[in-house]
Amino acid sequence: MVKRIRGAIQGIVQGVGFRPFVYQLAHRFDLAGYVINTSQGVLLEVEGPEPSVTAFFEAILAENPPLSQISALDQSEIPALGETSFEIRESKAGLARSALISPDVSICPDCLSELRNPHDRRYGYPFINCTNCGPRYTIIQDIPYDRPSTTMRKFEMCPICSAEYADPSNRRFHAQPNACWECGPQTALHDQRGNPVACSDPVQEAVRLLRDGAILAVKGLGGFHLAVDATDHRAVVRLRRRKHREEKPLAVMVPDLETARELARISHQEAAVLTSRQRPIVILRKRRSHGLSSQVAPRNRYFGIMLPYTPLHHLLMDAPFRALVMTSGNMTEEPINIGNEAAFLNLKGIADYFLVHTRDIYLRSDDSIVRVINQVPRQIRRSRGYVPAPIFLPKSLLRLPPVLAVGGELKNTVCLTKENRAFLSQHVGDMENLETYEFFRLTVSHLQRILEIEPTIIAHDLHPDYLSTRFAREQEDVPSLAIQHHHAHIVSCMAEHGIADPVIGLAMDGTGLGTDGRIWGGNILLSDLVSFEQKAHLDYIPLPGGDAAAKFPWRMALVYLDKVFGDTLFDLDLPFVRHLDKGQAGIVVQMARQGINSPLTSSCGRLFDAVSSLIGLRHRNAYEGQAPIELEMCRRRGAKGYYPWRIEEKGDHRRLLTDDLIRSIVEDLVGGTSKGTISARFHNTLIHMFHETCRLLREETGIRDVAMSGGSFQNATLLTGLTRVLEQDGFRVYSHRLVPSNDGGLALGQAVCAGLRHRGWKGRYKQHETYG
Ligand SMILES: [Zn+2]
Ligand SMILES: [Zn+2]
């Protein structure tokens, strides 16, 4: 019996070779009909014998192209037309634009083999791509996604490329960045002043310069990298000095998985992430003899390693290099550079040479960073390769109104929602300078345009002085809603896992403004998606110098000691005390005691800072989170025991007191206990403290779902250990996978919370968000 079925497909189905795929399937099953791009995705009709039609739709789901992602397939039967052929129909102009755009994708195996094939017409061409790979998000200025809306529009395709582009059976059918040596972008080499360097092969010349120890600025997919040979110690040291980057680890690119295994220990899951088409930087445990400069990742047990993801990277790595440092081409704190001229200007004095090209980057996108913790890949920075693929929200959250969430201050990302999809932006960065703020504004307007989302509400942080908050409040025609930082963290975790019922929320991080005007960061909440109540927190401690205290762990160690020992702290027989600058220390103690520029904080991050400094590991942070990271890395595995701590009832919530913990660490130090053991006991103490608090709350409420969020849960020891004890005790434990646990995931929680509140959801807890 002949049947005609109409299928409407939603998801990432445009610009990923979906229509040719459908075309080829229809031919395989000998079906008539057509396929067309629509505002929603792809629409198709097929007509033929019923078993063939059924097999066709099964194949659609089973064999869809690598870059596509089907979120819905609706089928309906319609009258047969007696057609005999199948065609790809051109979509009408003026089409609405809600189809999803693919992220940028690493070079596919087919293109890679052509790149290396001396008989292929694209042999050695640094911009080879096809429908299965290449740039997308970073070159798209507008939608619909066609060549004129990308930065490729200035390159007119040659006859051969045009023929590929027009042929449905070709791998480059409608591949918008399609190009070749004849018609596409080219590379060029410039010296440190930005003047062109004459050479026949800029890439091979760049290789030669790198071998000689030069620092090269290399234009990539989402921005510039600064590259040096990672085995060349002097070159690495020079790069650090010029970039003003003291100790923060530098990412390296290696040619292949085998080489990565020579540098680091790599599990199954880590290998899968490393070789995935997103090609993030993966945090991997160093081997003892790795052969790279010790300055690549000093005082660190891990390397950040990635594999080549563009043809240009492969051409460089094939040289061969064992490893190249490939760090973002920016001064510390500023956004990564994308334009050639801007790079010449901003990287002057850092780069010896520039390897640039003529394909413009429209939107910058940093390399993503992933770490596998407790067998699960976790996003640390979700950016290039993942953005703008949506996070699909569960059924209970369907039909969110269009929301714009503007994120926080550090590691900023923004989020837009549309029905059941949340679009988290690429990494914007720390909103502490004008350049980053401009990039933030561009990202907001760009995402709104390409996703066609007109927000009906804007969510922002409770902190009135964040640039993101000010931006939200300046949008006068759209109401805004302030979401408390730690509640947003917990909602982000809940949304990712599709939990709508109340949870016990463990929100542990460095800083976020609380509803009592204090700086929170060690909070245990009861929370649903729209309201919360703080039930316990790490006891408040002064933060001498405010935010600046985060740079100086020794100040935190000092105020913790002062809280426990008062003036007698200066008599303690500790290296920490002996090495104190007494004059400076006296001033800090007085500031803290008198509350001068010393807001109170419950920050978990600052407690880590304090312990790190107290045991002599790190007194000043050269980069954010350094003291806690080094404290975790020095932990002696398997060390047992924990320090005493106390819980104090106070009204309807509890304070978690750390005085006994600090006193015991001092006793251990005086008694000569190793740093590794103290670190292990400290981690055990926090695990014990949070577990006990969860038990108390479970007894009171019956809730046994625990959501964990905040930057402190990037600590693998804390995350893994706490998950284990809670699960052994019958809790269901949820932690982040798809979005970062740090502030990079905040916007998702803000968006969901604000969207549901706007829709009239009423929470059961007393602290609701307020319209600003
Ligand atoms: Zn390809
Ligand atoms: Zn061409």
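Student: Where is Arg279 found?

Tutor: Arg279 sits in the loop between helix H8 (268–275) and strand S11 (281–286). Helices (H or I, at least four residues) and strands (E, at least two) are DSSP runs, numbered from the N terminus. Before going on, note that this is a predicted model: local features need pLDDT of at least 70, side-chain atom pairs count only at pLDDT 80 or more, and totals for chains, interfaces and linings use all residues. Residues are numbered from 1 along each chain as its sequence is written, chains are lettered from A and ligands numbered from 1 in the order in which they are written, and side-chain values use heavy atoms, with hydrogens and water left out.

Student: OK. What is phi of Arg279 near?

Tutor: Phi of Arg279 is near 50°. That is a positive value in a residue other than glycine.

Student: Is Arg279 buried or exposed?

Tutor: Arg279 counts as buried, because its relative accessibility is 14%. Buried means under 20% relative accessible area, exposed over 50%, partly exposed in between (1.4 Å probe, protein chains only).

Student: Which loop holds Glu419?

Tutor: Glu419 is in the loop between strand S19 (415–418) and strand S20 (421–424). Glu419 is not a glycine, yet it has a positive phi of about 50°. With a relative accessible area of 46%, Glu419 is partly exposed.

Student: On to peptide bonds. What is omega near for the bond from Ala319 to Pro320?

Tutor: Omega is near 0°, and the bond from Ala319 to Pro320 is cis. Pro320 lies in the loop between helix H9 (311–317) and strand S13 (324–328). The bond from Val387 to Pro388 is cis too, with omega near 10°. Pro388 belongs to the loop between strand S16 (376–381) and strand S17 (391–392).

Student: Metals next. Which protein donors does the zinc ion (ligand 1) have?

Tutor: Cys108, Cys111, Cys130 and Cys133, each through SG, lying 2.2 to 2.3 Å from the zinc ion. Donors are N, O and S atoms within 2.8 Å of the metal (3.2 Å for Na, K and Ca); water is not among the atoms, so sites may look incomplete.

Student: Why is the arrangement around ligand 1 tetrahedral?

Tutor: Because the four donor atoms subtend angles of 103 to 119°. Four donors count as tetrahedral if all angles lie between 85 and 135 degrees; four count as square planar and six as octahedral if opposite donors are over 155 degrees apart and all others between 65 and 115; anything else is irregular.

Student: What spacing do the ligand 1 donors follow along the chain?

Tutor: C-x2-C-x18-C-x2-C. Cys108 is buried at 9% relative accessible area, and Cys111 is buried at 0%.

Student: And which donors does the zinc ion (ligand 2) have?

Tutor: Cys158, Cys161, Cys180 and Cys183, again via SG, at 2.2 to 2.3 Å. The angles there run from 105 to 116°, so the arrangement is tetrahedral. Cys158 and Cys180 link distant parts of the chain, 22 residues apart. Cys158 is in the loop between helix H3 (109–115) and helix H4 (159–166), and Cys180 is in the loop between H4 and strand S6 (187–191).

Student: Are Cys158 and Cys180 buried or exposed?

Tutor: Cys158 is buried at 12% relative accessibility. Cys180 is buried at 1%.

Student: Helix packing now. At what angle do H1 and H2 cross?

Tutor: Roughly 140°, and the axes of H1 (residues 18–28) and H2 (residues 50–63) come within 10 Å. Axes are lines fitted to C-alpha atoms, for helices over the stretch in contact, and angles run from 0 to 180 degrees between N-to-C directions. H1 and H2 are therefore oblique to each other. Angles under 35 degrees count as roughly parallel, over 145 as roughly antiparallel, 65 to 115 as roughly perpendicular and the rest as oblique.

Student: Which residues make the contact?

Tutor: From H1, Phe18, Phe21, Val22, Leu25, Ala26 and Arg28; from H2, Phe56, Ala59, Ile60 and Glu63. Contact means heavy atoms within 4.5 Å.

Student: Last one. What does Leu722 touch?

Tutor: Leu506, Ile687, Phe690, His691, Met708, Phe713 and Thr717, not counting residues up to four places away in sequence. Leu722 is in helix H21 (residues 716–728) and is buried at 0% relative accessible area.
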